[in-house]
Amino acid sequence: MTTASAQAQTQVLAAQKAAVPAARAGSTKPPGLRTDRRLVRLRAALAAGALLFGVVGIIGTQVRADGADDTKSHSGVLIQQAEQLYHSLSDADATSTTIYLHVGEAPPDLLATYNSDLQKAQAALLAATNEAGDDTAAKDALGAVASQLPQYVKLNATAAANNLLGYPVGFRYLTQASSLMQGTILPAAQKLTDTEAKNLASAENTAKQFPWLMIAVGVVLLIVLLVVQVRESRRTNRAFNVGLLGATAGLVLSLVWAGADMTVQNSHEDAAAKRGSNQVSALATARILSLQARTDEMLTLVGRGTADDKETDYAGVTAPDGAHTPGTEELLVQELQNAGELATDDSGKNLARAAATDEAAWHKQHQDLRAFDQQNQYEKAVDSALGQHDFAAPQASAAKSFTALQSDLDQAIKHAEASFTSEASDGAGALAGLQIGLGVLALLMAAAAAQGLGRRIAEYH
């Protein structure tokens, strides 16, 4: 029994020893083969990740570059055309009422100004139409202006002809023309300005769009590269894998380069809005309000007691309950104050300050003018309005103060537009070469990662 039992145990142990290699061969693969395949998959993933980072980086940069280019060469230009259109139309309306106040033939300089305003309006209309492209809102606004402008010119011509012949009915045509301008044409031009202001703000936002996808892919890729290098260092007892280290350096360089360029671009886009477009918007609004106030002033005089509502438009009105509706002059003062607060340099502040001073002088002359008119000193009122005599010397006439105000606003707008153009151009150029650089670095990263893990894979062959 003892001998038989020992033989049985020996057979069982032999069977168990034979079964262990067989089980290992049937359930798993050799460790070297598993590591080899893991490294192959990891190499492919890192190379693909590097290329993906390059693609999303190029796309993100292109989106920002498109926004910056739109700000510089499309939306910025179009809003300037829209503001030029509004200004030319407003100035034409103010000039036509001034011409009507003259007796006899229209003064050549005023007639030239009126014709020049119409030509500038037509040129701005054409340029804006060409720039509008597929912008439906802009094209509708431009179409409304284009369809009504000939009727406005016709009414003004009829008013001038009747005024030359001494027919009072000319005033009726003049008020119809001004109502058409103030009630239909200028609101359409304002709609165009508002539309393009929104487009410009959208373009500026696109130019500063944060590259979330690029940053996300870059951070994930950087973490993977660092983890793989730490694990390989522990497995091989080598401090560095040159290929993976090179890929990591390329990724960090890409992120730093893109971050630096985008930071510079953001600063230029912010400066373009702060030093340029915001100031232009406030100054252009002030200029338009001054022209509306001038039109109100002239129509009140021309009406000789039949157009007092225009003086109400100029000065505002206070209801019996104390509620005050500001007139164009009060709105003008507020906008000039706003422009002064937005000014960022000494030149801009000085021009805004000069405009506020000339506006105050003009308002003082306007109050004197109205006093003359109410005291039946109509000729004195007209003289001040037209600047024909410095009867109140050394104070300037209403016409001279108004002209000085227009000159201040024109200079201030040109100064702000120059700042906008300079900053927008610098913003558009801030990303030059970045797309090519990101593409080249992505290829180098992919090659470095493949080479770095390729050596480790070769060790198993």
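Trainee: Which residues form a nonpolar patch on the surface?
Mentor: Bear in mind that this is a predicted model. The patch is formed by Phe-210, Trp-212, Ile-215, Val-219, Ile-223 and Val-227, with about 580 Å² of accessible area together.

Trainee: Where does Ile-223 lie?
Mentor: In helix H6, residues 212-236.

Trainee: Switching to aromatics. How many aromatic pairs are there?
Mentor: Three. One of them is Tyr-314 with Trp-362: the ring centres are 6.4 Å apart and the planes are at 80°, so the pair is edge-to-face.

Trainee: Which parts of the chain does that pair link?
Mentor: Distant ones. Tyr-314 is in helix H8 (residues 308-315) and Trp-362 in helix H10 (residues 346-374), 48 residues apart.

Trainee: Are those two buried or exposed?
Mentor: Both Tyr-314 and Trp-362 are buried. Together with Phe-402 they form one aromatic cluster.

Trainee: What sits over the ring of Phe-402?
Mentor: The charged end of Arg-294, 4.9 Å from the ring centre.

Trainee: Now the inside. Which residues have the most contacts in the largest nonpolar core?
Mentor: Leu-101, Leu-174, Leu-283, Leu-301, Leu-332, Trp-362 and Leu-409, in a core of 38 residues.

Trainee: And which helices supply it with at least two residues each?
Mentor: H2 (31-101), H5 (169-207), H7 (242-303), H9 (328-342), H10, H11 (378-386) and H12 (398-429). The largest share, 11 residues, comes from H7.

Note on methods:
Residues are numbered from 1 along each chain as its sequence is written. This is a predicted model: local features need pLDDT of at least 70, side-chain atom pairs count only at pLDDT 80 or more; totals for chains, interfaces and linings use all residues. Side-chain values use heavy atoms; hydrogens and water are left out. Patches are made of residues with over 30% relative accessible area and no salt bridge: like charges are joined within 9 Å, nonpolar side chains (Val, Leu, Ile, Met, Phe, Trp, Tyr) within 5 Å. Accessible areas come from the Shrake-Rupley method with a 1.4 Å probe; for residues, only the protein chains shown count as cover. A salt bridge is a side-chain nitrogen of Lys or Arg within 4 Å of a carboxyl oxygen of Asp or Glu. Helices (H or I, at least four residues) and strands (E, at least two) are DSSP runs, numbered from the N terminus. Rings of Phe, Tyr and Trp (its six-membered ring) pair if their centres lie within 6.5 Å; planes under 30 degrees apart count as stacked, over 60 as edge-to-face and the rest as tilted. Buried means under 20% relative accessible area, exposed over 50%, partly exposed in between (1.4 Å probe, protein chains only). A charge sits over a ring if NZ of Lys or CZ of Arg is within 6 Å of the ring centre and within 35 degrees of the ring normal. A nonpolar core is a set of buried Ala, Val, Leu, Ile, Met, Phe, Trp, Tyr and Cys residues joined through side-chain atoms within 4.5 Å.
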